[in-house]
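User: I am new to this structure and would like to understand the labels used for it. Could you take me through them step by step?

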Amino acid sequence: MLKLQIVFSSSLAESQLRILKPITSGSKSISFILGVRDDVDVNATGLFYVIAVGQGTIIAASGKARFGNSATTSNGGWVGWTNLSDGRFKKNVKDNAPGLDFIIKLRPVTYNMDAPGLNAFLHKNDSRETKALAAENSLHINALREKEQITYAGFIAHDVKIAAKELGYNFSSVDVDAAKKENDTYGLRYTEMLVPLANKSAFILLIQYDSLFQAFGA
């Protein structure tokens, strides 16, 4: 695995891009790890096809890309993220995505992220020296505390996984690598959560509700 580090300085001549020690992955593929300090890394051995960008960014499983660390509060640009969706390369297409049966099982919640706890979990395999440096990084510590104050709205991946399993639905929105790797976390791909909402049964219910409202409403 090829690991890169960008070193910034007030002098452009002193700024540099340097290669750090190679990480043995047991694969001939080259993965890309890029950060402004040497605490951007993987927290397990034998990983491949990974991309980690940003200070303190950690990769815990193969085939993943991560941008930013536990204190990051926004990733974005001027347009939305594009998921490739070409029908020529989709097989076994079926009109069987669950709708209302799945939706009513979901539990929307508000929450605060335990940013320090998440940061400690992701960096638990860091060297003693790296952990010591992180403990002295007051900017990062303050950023983690500030992130804890943000109230988010969403779902809990474990709940979504259980709801899908009860319906026999292998829902791709739930990233369940954590169930296989103790160093990784659960995740949700929220754009795919829209699929059950677009199910025809949901639209039929809305049409029926509108009809009833028109008949017995104002």
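**Reading the labels**

Analyst: Gladly! This is a predicted model. Let us start with R189 and E192, whose side chains meet in a salt bridge with 3.4 Å from N to O.

User: How many salt bridges does the rule give?

Analyst: The count comes to 4. One of them joins E166 and K105, with the closest N and O atoms 2.9 Å apart.

User: Why is E166 called exposed, and what is K105 called?

Analyst: Exposed means over 50% relative accessible area, and partly exposed covers values from there down to the 20% limit for buried. E166 has 52%, so the word for it is exposed. K105 has 38%, so K105 is partly exposed.

User: Which side chain does D159 meet in a salt bridge?

Analyst: D159 meets R107, at 2.8 Å from N to O. This pair links distant parts of the chain, with D159 in helix 5 and R107 in the loop between helix 1 and strand 8, 52 residues apart. Both ends are partly exposed: D159 has a relative accessible area of 26%, and R107 has 44%.

User: Why does N69 count as buried?

Analyst: Buried means under 20%. N69 has 19% relative accessibility, so N69 counts as buried. N69 sits in the loop between strand 7 and helix 1. The C-alpha atoms of N69 and N119 are 7.7 Å apart, although 50 residues separate the two along the chain.

User: What makes N92 stand out?

Analyst: N92 is not a glycine, yet has a positive phi of about 55°. Most residues other than glycine have a negative phi. N92 lies in the loop between strand 7 and helix 1, and with a relative accessible area of 70% N92 is exposed.

User: Which residues make the nonpolar surface patch?

Analyst: I51, F67 and W81 make the patch, which covers about 390 Å². I51 is found in strand 5. Patch residues need over 30% relative accessible area. I51 has 36%, so the description partly exposed applies to I51.

User: How much space lies in the largest pocket, and which residues are closest to its centre?

Analyst: The largest pocket holds about 2,100 Å³ of space. Of its 45 lining residues, R66, N75, Y186, G187 and L188 are the closest to the centre. In general, rolling a probe the size of a water molecule over the atoms shows where empty space is left.

User: Which element gives the most to the lining of the largest pocket, and what classes of residue are found there?

Analyst: Strand 7 gives the most, with 3 residues. Elements that each supply at least two residues include helix 2, helix 5 and strand 11. By class, the lining has 18 nonpolar, 19 polar and 8 charged residues.

Terms used: Residues numbered from 1 in each chain as written. Predicted model: local features only at pLDDT ≥ 70, side-chain atom pairs only at ≥ 80, totals over all residues. Heavy atoms only, no water. 1 Å grid on protein atoms, 1.4 Å probe; cavity = no way out; pocket = protein on both sides within 12 Å on 5 of 7 lines; lining within 4 Å. Points joined across faces, edges and corners; volume = space filled by probe spheres on them. Helix = DSSP H or I, 4+ residues; strand = E, 2+ residues; numbered from the N terminus. Nonpolar A, V, L, I, M, F, W, Y, C, P; charged D, E, K, R; others polar. Buried < 20%, exposed > 50% of the residue type's maximum accessible area, 1.4 Å probe, protein only. Patch = residues over 30% accessible without salt bridge, like charges linked within 9 Å, V, L, I, M, F, W, Y side chains within 5 Å. Areas by Shrake-Rupley, 256 points an atom, 1.4 Å probe, with all protein chains shown as cover.
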